[in-house]
Number of protein chains: 2
Amino acid sequence: MEMTERKQKILAAVVESYIRTGEPVGSKNLLNELDISVSSATIRNEMADLAEMGYLEQPHTSAGRVPTTLGYRYYIDKLMNRLEPSEADRKSIEKSVAAGRGDPEQLLEKAGEVIAKLTGCAAVSTMPTGDKATVRRAEIVPVGSRTAMIVLLTSAGTLKSKACRSDMPITPHTVERFYNVCSSQFIGKPLEEIGTVMLQTLVASLGEHALEMSPFFVTLADLANDALSSDVLLEGQSNLFNHRELGNNVIELMEFLRKGDPIAKLMSGVKDIDIKIGSENEYKQLANSSVIISHYDVNGSRSGALGIIGPTRLNYAKLIPYMQFVSSLVGNMLSETIED
Amino acid sequence: MEMTERKQKILAAVVESYIRTGEPVGSKNLLNELDISVSSATIRNEMADLAEMGYLEQPHTSAGRVPTTLGYRYYIDKLMNRLEPSEADRKSIEKSVAAGRGDPEQLLEKAGEVIAKLTGCAAVSTMPTGDKATVRRAEIVPVGSRTAMIVLLTSAGTLKSKACRSDMPITPHTVERFYNVCSSQFIGKPLEEIGTVMLQTLVASLGEHALEMSPFFVTLADLANDALSSDVLLEGQSNLFNHRELGNNVIELMEFLRKGDPIAKLMSGVKDIDIKIGSENEYKQLANSSVIISHYDVNGSRSGALGIIGPTRLNYAKLIPYMQFVSSLVGNMLSETIED
DNA sequence: GTTAGCACTCTTATTTATCGAGTGCTAAAA
DNA sequence: TTTTAGCACTCGATAAATAAGAGTGCTAAC
């Protein structure tokens with residue numbers, strides 16, 4: 001069965017009506033908002049065809065039709081008219097995001113907040129990562145006779161710290177040795193190279209000081225690892241409660257959002273914008289949700305992303321341009337902050 | 001009406017039964033688990049008295065009785081038999097918490113996790129604060145021509161950082177000036193003294209460099225402020241969904257937990273252990289919840305707290321000793337980590 | 001190809017009936 | 001004076017019956 005122009009019009013109308021109301025849409029109601037003048041029976045026939053083609057489905061025999069994943073996909077790829085953010089909206093977004101200017105984490109937090117508020121969805125964002133970031137600075141600060149804070153700063157501007165315990169007392173010599181090893185072995189090195197292999201050879205080379213020093217370098221390697229795996233920020237997760245169609249899945253969905261790892265993976269794509277509808281998601285917790293992820297560039301290279309998560313009936317026509325706008329805005333502002 | 005010994009027995013049995021089952025408890029059911037041999041009619045009379053005295057109430061005319069806030073309070077203060085954690089439980093808690101040994105944040109996270117898991121409640125914890133903490137170290141790290149990270153480390157081992165933008169290019173002189181001012185004005189100073197007043201006089205004294213340098217010191221003051229207001233960690237909030245009696249309040253309860261400020265205030269008390277039942281809470285979002293907060297000491301002085309939040313029908317006899325055990329454990333481990 | 005008409009399906013809401021746990025009261029027993 | 005058996009009554013919870021309504025698919029005529 002081929003896709004006629006009329007079928008397209010009807011499909012678009014069904015999708016848009018369902019997105020707006022959340023109710024399965026029947027042939028009669030469709031008549032009102034469709035400019036083609038045919039009877040409801042004709043619409044019914046067409047809708048039956050669209051159902052057979054896999055674009056629509058019925059919750060139950062005597063209900064209206066609801067778009068399937070395929071239906072949404074077709075709508076987004078072929079039928080949708082992008083609705084660019086209004087001048088007023090753009091201004092207001094810019095103002096909110098600019099409030100976080102200066103500090104990347106704060107900036108992304110603000111961006112997440114404004115997205116969550118504007119879209120009524122949960123917003124996620126990842127901090128800018130420099131894949132090829134290097135160690136810029138490593139510090140050791142004793143805070144007790146056997147405890148010290150280890151601090152790592154990367155060339156991408158990420159700062160990580162962790163306290164660390166040694167079995168032996170920390171002396172000024174310990175500190176000196178730490179800095180010596182750091183400046184010869186760590187400073188300027190790409191984070192990725194600081195792995196267990198490197199550590200082993202390093203510790204071996206420490207000789208009699210191995211026992212004393214190794215905890216600090218292990219911690220430093222931990223930090224390097226942390227700095228590589230991008231942090232995920234989450235905002236407005238309670239917005240999800242307002243979407244009834246998520247039903248009891250909200251709970252496991254929130255549980256899923258709380259652990260950042262899968263989200264980080266989800267957001268590590270490279271396409272400008274990535275839209276996953278319901279079953280298109282690889283994680284089963286997202287099976288009833290849609291995800292729109294828009295990546296931002298910092299200084300010309302792919303760096304992080306902003307995303308929203310909500311029910312499948314998102315207002316794609318509006319939200320896709322929104323996300324693109326916000327992410328490019330964030331990219332620009334971050335580029336200002338983190339110069340090369 | 002005076003409180004007889006039999007009334008006490010009955011009240012305790014009602015509270016315990018309700019805590020166990022969550023169902024309003026009737027006179028007949030009470031007979032089984034009460035060792036006094038009287039008829040259900042007698043129990044009924046006594047329960048009516050207890051209701052009149054304000055310790056029990058009925059959800060509706062023909063239902064069993066449920067403890068009131070007053071009832072719980074009386075039970076906890078006068079009737080409850082503490083149930084100390086078993087040897088096995090203590091071991092398992094120690095093991096979990098010890099996994100975070102070394103880093104205070106990680107340690108409290110682990111403690112929160114184990115508490116949440118063991119109690120089925122949401123767990124909150126505050127990081128150790130040193131009220132009289134001083135500035136131990138302040139660093140400036142340029143990350144762009146006009147941007148720098150400012151890093152603050154306190155004597156209590158807290159580390160805070162924030163990026164900061166200046167209107168003028170950052171030169172080696174900028175950095176040098178920063179360190180000069182820091183070592184003369186900030187290092188060793190109590191965090192509390194770094195307020196707007198101090199900043200104003202400082203900026204005034206900078207003379208021609210005021211424009212160049214002030215953003216950095218403003219940021220530094222921000223960080224000092226941050227370091228003073230204790231961070232709140234939250235674990236297991238999704239446990240709250242399992243308690244049906246919280247009903248739709250779960251959502252606003254979670255919303256409430258997410259913003260840390262009120263929680264921080266809630267946990268800033270000084271008593272060893274603090275139990276607030278339902279309406280005893282000053283925040284209306286907690287009106288249907290109970291809170292058990294147990295403070296821990298680091299090196300002999302009050303420093304932070306661990307708490308659980310759940311429905312009013314908590315197993316107080318078990319959880320109060322649990323929280324005391326965990327918080328004292330955490331205090332000891334932190335004392336090891338953060339020595340004076 | 002399109003449409004009016006109609007019987008049919010299935011959900012949702014509303015009403016009605018039934019059940020049972022638990023109470024309070026009374027009057028007798030201890 | 002306290003305790004107890006007995007009983008009528010209340011009221012929520014559950015289930016069954018009923019009604020309303022939206023929407024469909026099919027048929028036959030246009």
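Chain A is split by the domain assignment into domain 1 (5-79), domain 2 (87-129 + 230-339) and domain 3 (135-227). These bounds come from an automatic or database domain assignment. Between the C-alpha centres of domain 1 of chain A and domain 3 of chain A there are 61 Å.

Before going on, some ground rules. This is a predicted model, in which local features need pLDDT of at least 70 and side-chain atom pairs count only at pLDDT 80 or more, while totals for chains, interfaces and linings use all residues. Residues are numbered from 1 along each chain as its sequence is written, chains are lettered from A and ligands numbered from 1 in the order in which they are written, and side-chain values use heavy atoms, with hydrogens and water left out.

Now chain A as a whole. Its secondary structure comes to twelve helices and ten strands. Here helices (H or I, at least four residues) and strands (E, at least two) are DSSP runs, numbered from the N terminus. Chain A is more spread out than a compact globule, because its radius of gyration is 26 Å, well over the 20 Å that the globule rule gives for 340 residues. That radius is taken over C-alpha atoms, and the rule is 2.2 Å times the number of residues to the power 0.38. The C-alpha trace of chain A spans about 90 × 40 × 35 Å along its principal axes.

How much of chain A is buried? Of its 340 residues, 52% are. Buried means under 20% relative accessible area, exposed means over 50%, and partly exposed is in between (1.4 Å probe, protein chains only). The accessible surface of chain A is about 15500 Å², and carbon and sulfur atoms hold 47% of that. These areas come from the Shrake-Rupley method with a 1.4 Å probe; for residues, only the protein chains shown count as cover.

Next, contacts, meaning heavy atoms within 4.5 Å. Taking contacts in chain A between residues at least 6 apart in sequence, 62% join residues at least 24 apart.

Some single residues. A:Thr158 sits in the loop between strand E5 (147-154) and strand E6 (159-165) of chain A. Is A:Thr158 buried or exposed? A:Thr158 has a relative accessible area of 17%, so it is buried. Not counting residues up to four places away in sequence, A:Thr158 touches A:Leu152, A:Leu153 and A:Ala227. In chain B, B:Thr158 is in the loop between strand E5 (147-154) and strand E6 (159-165), and B:Thr158 counts as buried at 17% relative accessibility.

A:Asn299 is not a glycine, yet has a positive phi of about 50 degrees. Where is A:Asn299 found? In the loop between strand E9 (289-298) and strand E10 (301-311) of chain A. A:Asn299 is partly exposed, since its relative accessible area is 34%. For B:Asn299, phi is near 50 degrees, again a positive value in a residue other than glycine.

Last, B:Ile187, in the loop between helix H7 (172-186) and helix H8 (196-205) of chain B. B:Ile187 counts as partly exposed, because its relative accessibility is 38%. B:Ile187 and B:Arg137 are 50 residues apart in sequence, but 6.3 Å apart in space, C-alpha to C-alpha. Leaving aside neighbours within four places in sequence, the contacts of B:Ile187 include B:Val135, B:Arg136 and B:Arg137.
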